[in-house]
Amino acid sequence: MLHKKVDENLDIDRVFDSPAEDFDVFIRIAREEDIAVARQMAKQLAQEAGFSLADVTKIATAVSELARNIYRYAKQGRIMIKKLLDDREGPYLEIIASDNGPGIAEIDLVMTRGYTTYERSLGIGLSGVKRLMDTFAIYSEVGRGTVVITGKRRRKF
Amino acid sequence: MKKLISKARVVPVICLGDFLLVPIQIDLDDRTVGLLQQQVLEEIESTRARAVILDVRMVDVIDSYISYTISETAAMARLMGCRTVLCGIQPPVALTLAQMGVMLQDIAVARDLEHALLIAGSQSGVG
């Protein structure tokens, strides 16, 4: 599973400036209420894409964690979700959480279960997202921002 | 006697003998969860309830912050001599919480309302 600090191929600023029309859901996170909005919209998109109720819940929860991280640590950023179609393997939902916040100096530390710099927190947000989703990658640079790209494939049932 | 009533009532609270029944039927954004905690604590104080039952049957997403606040509320209620019982967690929510590693260990959990009332009324048990 991808778990990199800085990837040469990924430009944090360019991801942040992605055009809204490239995505099915594009939400600016700037207020606390936006967390719930992002969660609801992710849930609706996953439902429309035919994900099982269990996976819809996991996706909505993951988006909730990512949106809250943006709001807490970067103050603002965006959640972008896109439905990718693959004839062989069925639809795939890709979620990008992007901000121009302070960045993360020690990614391994923030991916550790129970680690948090926020006092009212369980410290399981990012590690939880990784567990709930199929793919997970995080890119961060101090002073530039953070990008989390995570996805889930629709299971055949 | 004047009682301190919370300005923001976000959930209905039903008095049931010594117990408070709190059905949560709204979307829990962060602000609402905070107000819910405040309201529940104020209701415990004013009613001197022995136990509070939080019914989350209608809640379809419980993330780490909501879990944290529920646990924290239970801890606060315990300090006020009141037991907290959580009931009605939906299967997909249980699956998600378990996969994330949220155990909600400090709070009593019940299968349904009937079970919750039984736990709330029992002398032993956690929460």
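User: How many helices and how many strands make up the secondary structure of chain B?
Analyst: This is a predicted model, so what follows describes a prediction. Read from the N terminus on, the elements of chain B run β-β-α-β-α-β-α-β-α. Counted by kind, the secondary structure of chain B comes to 4 helices and 5 strands.

User: Why can chain B be called as compact as a globular protein of its length?
Analyst: The C-alpha trace of chain B spans about 50 × 35 × 20 Å along its principal axes, and 41% of its 127 residues count as buried. For 127 residues the globule rule gives 14 Å, and chain B is as compact as a globular protein of that length because its radius of gyration is close to this value, at 14 Å.

User: In chain B, among contacts between residues at least 6 apart in sequence, what percentage join residues at least 24 apart?
Analyst: Here a contact requires that the C-beta atoms of two residues, placed from the backbone, lie within 7 Å. Among the contacts in chain B between residues at least 6 apart in sequence, the share that joins residues at least 24 apart is 77%.

User: In what order do the strands of the open sheet of chain B stand?
Analyst: The pairing in this sheet is mixed, and the twist averages 25° from one strand to the next. β1 (14-16) and β5 (108-110) of chain B each have a single partner strand, so they stand at the edges, with one side of each left without a neighbour in the sheet. The 5 strands follow the order β1-β2-β3-β4-β5.

User: Which residue is the bridge partner of B:Val52 in β4(B)?
Analyst: Strands of a sheet pair through backbone hydrogen bonds, either parallel or antiparallel. Strand β3 (residues 51-55) of chain B pairs with β4(B) in the parallel sense, over 5 bridges. In β4(B), the residue that partners B:Val52 is B:Thr84.

User: Which residue of β5(B) is the bridge partner of B:Cys87?
Analyst: β4(B) also pairs with β5(B), in the parallel sense and over 3 bridges. In β5(B), the bridge partner of B:Cys87 is B:Ala110.

User: How many of the residues of strand β4 (residues 83-87) of chain B are buried?
Analyst: In a regular strand the side chains alternate between the two faces of the sheet. On one side of β4(B) stand B:Arg83, B:Val85 and B:Cys87, on the other B:Thr84 and B:Leu86, and all are buried, which leaves both faces covered. The strand is mostly covered, and the number of its residues that are buried is 5 of 5.

User: How many helices and strands does chain A have?
Analyst: From the N terminus on, the elements of chain A run α-β-α-α-β-β-α-α-β-β. In total, the secondary structure of chain A comes to 5 helices and 5 strands.

User: What radius of gyration does chain A have?
Analyst: Along its principal axes the C-alpha trace of chain A spans about 40 × 30 × 30 Å, and of its 157 residues 40% count as buried. A compact globule with 157 residues would have a radius of gyration near 15 Å, and chain A agrees with this, having 15 Å.

User: Which residue of β3(A) is the bridge partner of A:Lys83?
Analyst: Strand β2 (residues 77-84) of chain A pairs with strand β1 (residues 25-29) of chain A in the antiparallel sense over 5 bridges, and there A:Val25 stands opposite A:Ile81. β2(A) is also joined by 8 bridges to strand β3 (residues 92-99) of chain A, and these two run antiparallel. In β3(A), the bridge partner of A:Lys83 is A:Leu93.

User: Which helix gives the most residues to the side of chain A that touches chain B?
Analyst: Between the chains, 23 residues of chain A are in contact with 19 residues of chain B. At least two residues of the touching side of chain A come from each of α2 (33-48), α3 (53-74) and α5, and by class this side has 8 nonpolar, 6 polar and 9 charged residues. The helix that gives the most, with 9 residues, is α3(A).

User: At what angle do helix α5 (residues 125-132) of chain A and helix α3 (residues 91-100) of chain B pack?
Analyst: α5(A) passes α3(B) in a right-handed crossing, and the contact is made by A:Gly128, A:Arg131 and A:Leu132 of α5(A) together with B:Thr96, B:Gln99 and B:Met100 of α3(B). These residues divide into 2 nonpolar, 3 polar and 1 charged. The axes of the two helices are 8 Å apart, and the packing angle is about 120°.

Definitions and conventions. Residues numbered from 1 in each chain as written. Chains lettered and ligands numbered in written order. Predicted model: local features only at pLDDT ≥ 70, side-chain atom pairs only at ≥ 80, totals over all residues. Axes fitted to C-alpha atoms, helices over the stretch in contact; angles between N-to-C directions. Left-handed = near helix turned anticlockwise from the far one by under 90°. Nonpolar A, V, L, I, M, F, W, Y, C, P; charged D, E, K, R; others polar. Rg over C-alpha atoms; globule rule 2.2 N^0.38 Å. Buried ≥ 20, exposed ≤ 12 C-beta atoms within 10 Å, placed from the backbone. Pairing = 2+ DSSP bridges.
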